Amino acid sequence: MLNIESTAIEARDNLISQKVATLPPSGIRKFFDLLSSMEDIISLGIGEPDFVTPWHIREAGTYSLEKGYTMYTSNSGMPELRQELTSYLELHYGISYHPEHEILVTTGSSEGLDLALRAIINPGDEVIIPDPCYVAYPADIILAGGVPILIPTNEENNFVVRATDIEARITKQTKAILVGYPANPTGAVMSKKESRAISELAKKHDLLVISDEIYARLVYGDEHICFPSLPMMRECTILISGLSKSHAMTGWRIGYVAAERRFIQALTKIHQYTMLSAPTIAQMAAIEALRNGEAEVQKMVQEYNRRRRFMVKRLNEIGLPCFEPKGAFYAFPSIKATGMSSEEFAEKLLLEEKVAVVPGTAFGACGEGFVRCCYATSLSNIEEALRRMGRFIRKNRLTT
Amino acid sequence: MKEIFEILEQHARATPEQISTMVDKPVSEVEQIIKQAEKDRTILKYRTIIDWSKLGQEDVWALIEVRVTPQRDVGFDAIAERIYQFPEVYSAYLVSGTYELAMLVRGKHMQEISSFVTEKLAPLEQVQSTVTHFLLKRYKENGETFHLLKEANRRLPITP
């Protein structure tokens, strides 16, 4: 959803950099403005947990304030936190990193992604990403001076990018493959076979892999494959993750990057000049989360899973076919039966039934014909939203 | 199977169809499990937590500590049973510490609770003493807090 008019005006403003002026605004901005003016909306458009951070974690944050932890920390993050992160990765994915040289604590995983791209991209370098994908991927690549190469994915391949499709687009300029599974907006996960195919490709063409695994803990059924744990991938993968989704800590802004020393050194160089260090209180809370938060994580995952099954079944029942999303907290149903575009559908649904969903096109052209519905909301909200959507579909379905 | 009960504990009104979707088991199996649980009293009752203060009809509640003398052969069970059968007694527990029975008592007004204590509870032969704490404010009950911030106040309506 490129707002062409305002982009053109900005582009003429010499005080704004060309790169920024021509960067399309996030596709959800328009909906945000529309939503803010309406009441009694049920929103399936929120990309964050509905759980409040578990109390023991919040309490640790409060306690750290009381004790006066209000100063900067080491650029890389508090040593205890880096230690906890390495134990956590070892425990869950069997991959070990050196806490001192191979971990960087960032201000949310968004910072990690930005750092990774800026640290590796030379002007004109190409970075391969799936389409649709998280809104920041193409923008961050462009801001880092690179060129995003979009690989279409679709329902037939469960919205997972295929190695053969990637290979067809590899050129001399290709620097890296950026993947994010479990995926926002589709809820897709990458199987071991698919991950292996991509890892072999990366090896063959000497490419770097940036693996955004922020939703790694939110998988339902299949075990998550941590990309750097694949054979020979540790040395060429920059792993990006954080506690936002797993521990319901979005507002705390705690992410991390794990990679070989040379990468972490490069990322830290930018981080020290731009962010200095992640928020101290949040780092203290994160230590508590990693030490004692596992039971809460599992409780939340179980609850998401119930809502997921419920939402997917109801979407299919009301005539919005939906492939089974096995990760994150999104369902990505097809709205093609209505004959509307994704944006039209989302706008009309919002105005007529007061249900907010995000048009698939906000995440790339291949999102056309789909909308993103987040099930990180109460079961009663999901139920009511789907009742309204069912009514909307009955009214708007194309007769065949 | 445990999951079915966890769901019902949180949402007593969840239908077997909804539960079957959430736990990915056939409806008939879920119905069977619930029916059996109702029969063998694994599920005792389906209740609703109501904030009566919103209706201006809040009852008076008291926590009562009761010191009792145990009896030969039956320990505290017989006296506990004699006490908890009174309809005023909402919950009753045998506890460790400086007293034996802890009870939650509910009445329409303070007078009702005090007459229960003075006329029915205290005169019982095995009851040595009672301490009555009237509840001043209810913060949390059965895992639910009474005053919550609305979700809308916390999350933005749409985020990437």
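A residue counts as buried here if 20 or more other C-beta atoms lie within 10 Å of its own, and as exposed if 12 or fewer do. Keep that cut-off in mind for the tour. The model is predicted.

**Stop 1: helix α4 of chain B**

Select residues 77-84 of chain B, which form helix α4. Which of its residues are buried? They are I79(B), A80(B) and I83(B). These residues cover an arc of only 105° around the axis, so they sit on the same side of α4(B). An α-helix has 3.6 residues a turn, so residues three or four places apart point the same way.

Now turn to the other side of α4(B). D77(B) and E81(B) are exposed there.

Next, show what the buried residues of α4(B) pack against. In chain B, their partners are β1 (60-68), β2, β3 and α5 (110-121).

**Stop 2**

Select strand β2 of chain B, residues 89-94. How many of its 6 residues are buried? The number is 0, so β2(B) lies largely in the open.

For one bridge pair, pick V89(B); its partner in β3(B) is V105(B).

Then follow the chain between the strands. The hairpin has 6 residues there. Stop at G97(B), which takes a positive phi near 120°.

**Stop 3: the two domains of chain A**

Move to chain A. Colour domain 1 (4-52 + 296-395) and domain 2 (69-293) separately. Their C-alpha centres lie 24 Å apart. The contact takes 35 residues from domain 1 of chain A and 37 residues from domain 2 of chain A.

Look at the domain 1 side of this contact. Both α12 (294-317) and β9 (330-331) of chain A supply at least two residues each. Which element gives the most? It is α12(A), with 7 residues. By class, this side of domain 1 has 20 nonpolar, 9 polar and 6 charged residues.

**Stop 4: where chain A touches chain B**

Show both chains. Their contact takes 22 residues from chain A and 13 residues from chain B. On the chain A side, select α3 (29-36) and α12, the elements that give two or more residues. Which classes make up this side of chain A? There are 12 nonpolar, 5 polar and 5 charged residues.

How values were computed
Residues numbered from 1 in each chain as written. Chains lettered and ligands numbered in written order. Predicted model: local features only at pLDDT ≥ 70, side-chain atom pairs only at ≥ 80, totals over all residues. Helix = DSSP H or I, 4+ residues; strand = E, 2+ residues; numbered from the N terminus. Pairing = 2+ DSSP bridges. Arc of directions from axis to C-beta. Contact = placed C-beta atoms within 7 Å. Domains from an automatic or database assignment. Nonpolar A, V, L, I, M, F, W, Y, C, P; charged D, E, K, R; others polar.
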